Amino acid sequence: MRLGLRLFFAFFVINGLAAFFVLRVFMVEIKPSVRKVTEDTLVETSYALAALAAPELASGTLVQDPAHSLFARQLQSYTGQPVKVWIWDTRKASLDLRVTVTNEKGRVLFDSAGSDVGADYARWRDVHLTLRGEYGARTTRNIANDEASSVMYVSAPIVDDGRIIGVLTTSKPARSVQKIVDSAERKMLRGGLLFLLLSAGVGFAVTWWLVLHVRRLRSYAQQVQAPTLQEEALPTAAPASPQVPDMPGELGELALAMENMRRRLEGRDYIEGYVRALTHELKSPVAAIRGAGELLQEDLPEPDRQLFARQVVDQCQRLQNLVDQLLQLSRLEQRQQLQTQGLCSLRESAEQAMAQLASAAEQCGIAFELSGEDSQGPWEAGLVVLAISNLLQNALDFSPRGSRIFVELSPSGISVRDQGPGVPASLLGRLGQRFFTTPRPGGERSGTGLGLSIVARIMALHGGSMQARNSEPGLCVTLRWGQRRSA
């Protein structure tokens, strides 16, 4: 069962059980509560009427005939009055209170219903207890198996000069208050049903809210992964880091904790990848230096000694270049924004980069040719020069002696094309990966494999792109910057 269904089911069961027990308590308490209130009213009524009946009963004038008894006339006037009233939402159309008066022996002297005059009530519990000076009340069914036929009797003593001379009993049938009980029960049932529906709605809303946030958190967790070395080398091809979901309370804290964990894992994988790649690249120059050093320890002819010494120097220079470029790339990868000061000119940057490599190009007999219209933009001049100089250095490494390197400017872009052997089409997509190199024209090993990685990172910082294609002959690498502003 899914988490949402479990939460909703648990919420609904808890609220359902709570509603059931609450309703059960109320339903069980309704009838006893109504009866208690009715009995309380009958007690007060009985004592009030007993006080009114006491003078006539003491004088012996209290009889059933209204013509000879003031008490009888007054009660007859009460029972004959029409009644049409609303008690809250229950209509009352009749007076159901019955009054009987018995003498000290329990014989009925007066009955407002007129049916039990002369009957012996001494055996009834309410009258019997009241004559003994105790509280007398009873509930009796007129039909044995019908609870609705129940009648409540409450008796009060009629006292004369401190002596009980009779009993006044008031009675009220249960059916007269049953409407009130039924109305209360219906209201309770409707309220309980509404409560269940509302609780189900609230439970569904809370469950949906929680599941939605958990799903967002799960989606974020599934997207969290450290970039590969290829993605780090080509930032434009790497997937964007997932945005931390904005969630309240503990879920938000959990999302932030996962983001911190992602960053730590990313940093660890990044370092591990660097170490693996760097270790691989260091093997060749270290092995060459070691071999040359071992041979230099022996007696060698002077030409051989110079050859091995030059090899040690060359490999040390290779190691130095590797470390310098690796540190340079690492600093670039840690940067998140540019440091621009005004507009940057592509022509000026290209000229500065060519000036830096003019001596190396002259030694190789290679000439630079710059063409195209200048363009300017809010780019970081130092990084633009660095990117162009790395492209030129890469072109120098693969250009044959006596050839030319063409630098062509375009709106917000620059292309560097050499006349070397180019790159196999299957390997064009790997240009820009760390430590990826192809053999030079003479078959010797090329540079560190970090130059184009630095270029790719610089273009990513500028929101631009690097594209490479074979130009027959040679390789053409094009850089395009974003946020163009023409000169």
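These legends walk you through several close-up views of a predicted model.

**Figure 1. The whole protein in overview.** The predicted model has 487 residues, of which 38% count as buried. Its secondary structure comes to 11 helices and 15 strands. If you consider contacts with a separation of 6 or more, 65% of those in the protein join residues 24 or more positions apart.

**Figure 2. Helix H10 and its surroundings.** Helix H10 covers residues 381-398. How far apart should its ends be? At 1.5 Å a residue, the 18 residues of H10 should span 26 Å.

**Figure 3. Helix H10 meets helix H11.** The partner here, H11, runs through residues 451-461. The axes of H10 and H11 come within 9 Å and cross at roughly 150°. Angles over 145 degrees count as roughly antiparallel, so H10 is described as roughly antiparallel to H11. The crossing of these two helices is left-handed. On the H10 side, look for Leu-383, Leu-386, Ala-387, Asn-390, Leu-391 and Asn-394. On the H11 side, the contact is made by Gly-451, Leu-452, Ile-454, Val-455, Ile-458 and Leu-461. By class, the contact of H10 with H11 has nine nonpolar and three polar residues, with no charged ones.

**Figure 4. Helix H8 meets helix H10.** Helix H8 spans residues 346-356. The axes of H8 and H10 come within 8 Å and cross at roughly 50°. H8 and H10 are therefore oblique to each other. Their crossing is right-handed. From H8, the contact uses Leu-346, Ser-349, Ala-350, Gln-352, Ala-353, Met-354 and Gln-356. From H10, it uses Ala-381, Val-384, Val-385, Ile-388, Ser-389 and Leu-392. Sorted by class, the residues of the contact of H8 with H10 are nine nonpolar, four polar and no charged.

Figure 5. How many residues of H11 are buried? The count is 10 of 11, so H11 is largely enclosed by the rest of the structure. Among the buried residues are Ser-453, Ala-456, Arg-457 and Met-459. In the loop between H11 and strand E13 (465-470) you will find His-462. At 6% relative accessibility, His-462 counts as buried. Leaving aside its neighbours within four places in sequence, His-462 is in contact with Leu-338, Trp-379, Glu-380, Leu-383, Val-384, Trp-481 and Gly-482. Gly-463, which follows H11, has a positive phi, near 70°.

Figure 6. Start with Arg-91, in strand E2 (residues 90-92). Is Arg-91 buried or partly exposed? At 42% relative accessibility, Arg-91 counts as partly exposed. Not counting residues up to four places away in sequence, Arg-91 touches Lys-84, Val-85, Trp-86 and Lys-179. Now move to Ser-150, which lies in strand E6 (residues 150-160). At 6% relative accessibility, Ser-150 counts as buried. With neighbours within four places in sequence set aside, Ser-150 is in contact with Thr-139, Thr-140, Arg-141, Pro-173 and Ala-174.

How values were computed:
Residues numbered from 1 in each chain as written. Predicted model: local features only at pLDDT ≥ 70, side-chain atom pairs only at ≥ 80, totals over all residues. Heavy atoms only, no water. Axes fitted to C-alpha atoms, helices over the stretch in contact; angles between N-to-C directions. Helix = DSSP H or I, 4+ residues; strand = E, 2+ residues; numbered from the N terminus. Parallel < 35°, antiparallel > 145°, perpendicular 65-115°, else oblique. Left-handed = near helix turned anticlockwise from the far one by under 90°. Contact = heavy atoms within 4.5 Å. Nonpolar A, V, L, I, M, F, W, Y, C, P; charged D, E, K, R; others polar. Expected span 1.5 Å × (residues − 1). Buried < 20%, exposed > 50% of the residue type's maximum accessible area, 1.4 Å probe, protein only.
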